[in-house]
Amino acid sequence: MANEISRRLFIKGGLAAIGTVGASSLPLPATVRGATQGALATLIDIRKCIGCEACVEACQEVNEPKFPEPEKPFPKMYPSRVKVSDWSDERDVMDRLTPYNWLFIQEATVTVNGEEQTFTIPRRCMHCQNPPCADLCPWGAARKLKNGITRIDADICLGGSKCKAVCPWHIPERQTGVGLYMDILPAFAGNGVMYKCDRCYDRLEQGELPACIEVCPENVQKIGPRDEIIKEAHAIAKEINGHIYGEKENGGTNTIYVSPVPFEELNKAMEKGPGKPHMKPVEDSMAHADNLAKAMVIAPLAGAVAALGKFYKFTKNDNGSEESRK
Ligand code: SF4
Ligand code: SF4
Ligand code: SF4
């Protein structure tokens, strides 16, 4: 699959280095393959990013089979105050998160040593260690995997957007007119499916690097056991008198940024809003017992919907008409 990434990337910015990276298949480093226990984390050194967007294109390209193919016209939304969310005619949008764009490059221009400097920062799901999107999903569609990935199962999600509401960065994005609800209760429940970075869980299973890491001509990102990634982030921060984001935010995440300027400054300077997450300090949103209690209450219901979703996927695959309802 790795070789498939390369085609569109040769075009991007005339960067010879991308061609070199994309043309060969890069396996996971042995330390990562061996790390079957515990979480893997990514380290993003924002000093190195040149904003070429090769990673964004690679993400779109490898994840295209997972993107939604909605049925139109859309059924009535439930409850009626919920707005249709349709990105299916704007699949090329790259400057924010959408159901068809799970990674984008955010810019922040700040003054460093008296000179203006623009940083380009890859943004996507942080893959929290204790993810509220997974803990509070009423249907059990969002789940945290042992290797530190949080992913949303498109066969189970009903698009209620709870994951987006409870995510401190409001990362997941909804597409209406697709998913389980279209076949079971189109007029009474559900509004689509939520989408976000799944950290290329399927590529990792095959022993391949996430696409965005593989194609980067500047080696901005690396992936490894979380404790090693944290150690390296601290070593870089010490060397450059820099700053770290993601180690403590929301109780800890598996996406660790390192920067020569404080994240408060970057956060102030960047454009924020729908599909464009902030970089503020974030407290542990699952630290409160009442949130955990809610998760316990919905657990039996989540199990029932998960079973229905699996049956749905099985029947779709069984008749050969559709591989997967993504
Ligand atoms: S992370 Fe790498 S591929 Fe992505 S924009 Fe930055 S330099 Fe380009
Ligand atoms: S960043 Fe948001 S969507 Fe991603 S794992 Fe954390 S809570 Fe979930
Ligand atoms: S890890 Fe995979 S899904 Fe996530 S941003 Fe990178 S390429 Fe996209």
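Start by selecting Ala-237: it is partly exposed, with 16 other C-beta atoms within 10 Å. Here a residue is buried if 20 or more other C-beta atoms lie within 10 Å of its own, exposed if 12 or fewer, and partly exposed in between, with C-beta atoms placed from the backbone. You're looking at a predicted model, where local features need pLDDT of at least 70 and side-chain atom pairs count only at pLDDT 80 or more, while totals for chains, interfaces and linings use all residues. Residues are numbered from 1 along each chain as its sequence is written, and chains are lettered from A and ligands numbered from 1 in the order in which they are written.

**Around Ala-237**

Which helix holds Ala-237? Ala-237 is found in α10. Helices (H or I, at least four residues) and strands (E, at least two) are DSSP runs, numbered from the N terminus. Contact means that the C-beta atoms of two residues, placed from the backbone, lie within 7 Å.

Next, colour the strands β8, β1, β10 and β9. In that order, these 4 strands form an open sheet with mixed pairing. Two strands pair if DSSP finds at least two bridges between them. β8 (221-225) and β9 (243-245) stand at the edges with a single partner strand each, so one side of each has no neighbour in the sheet. On average, neighbouring strands here are turned by 25 degrees against each other, direction ignored. Helix α10 (residues 226-240) packs on this sheet, touching β1 (40-45), β8, β9 and β10, and its direction makes about 20 degrees with that of β1. For those angles, axes are lines fitted to C-alpha atoms, for helices over the stretch in contact, and angles run from 0 to 180 degrees between N-to-C directions.

Zoom in on β9 and β10 (residues 255-259), which pair in the antiparallel sense over 3 bridges. Find His-243 and look across to β10: Ser-259 stands opposite.

Move on to α4 (54-63). Buried or exposed? In α4, 9 of the 10 residues are buried, so the helix is largely enclosed by the rest of the structure. Among those buried residues are Cys-55, Ala-58 and Cys-59.

Now show the largest nonpolar core, which has 67 residues; Cys-55, Cys-59, Cys-157 and Cys-212 touch the most other members. Such a core is a set of buried Ala, Val, Leu, Ile, Met, Phe, Trp, Tyr and Cys residues joined through C-beta atoms within 7 Å. α4 gives the most to this core, with 6 residues. Click on Cys-212, whose contacts beyond four places in sequence include Cys-55, Cys-59 and Leu-103.

**Two ligands to finish**

Select ligand 1. Surrounding it are 13 residues, the closest being Cys-49, Cys-52, Cys-55, Cys-216 and Val-220. A residue counts as near if its C-beta atom, placed from the backbone, lies within 6 Å of the molecule.

Then jump to ligand 3, also surrounded by 13 residues, the closest being Cys-59, Cys-197, Cys-200, Pro-210 and Cys-212. Which helix gives the most to this shell? That's α4, with 3 residues.
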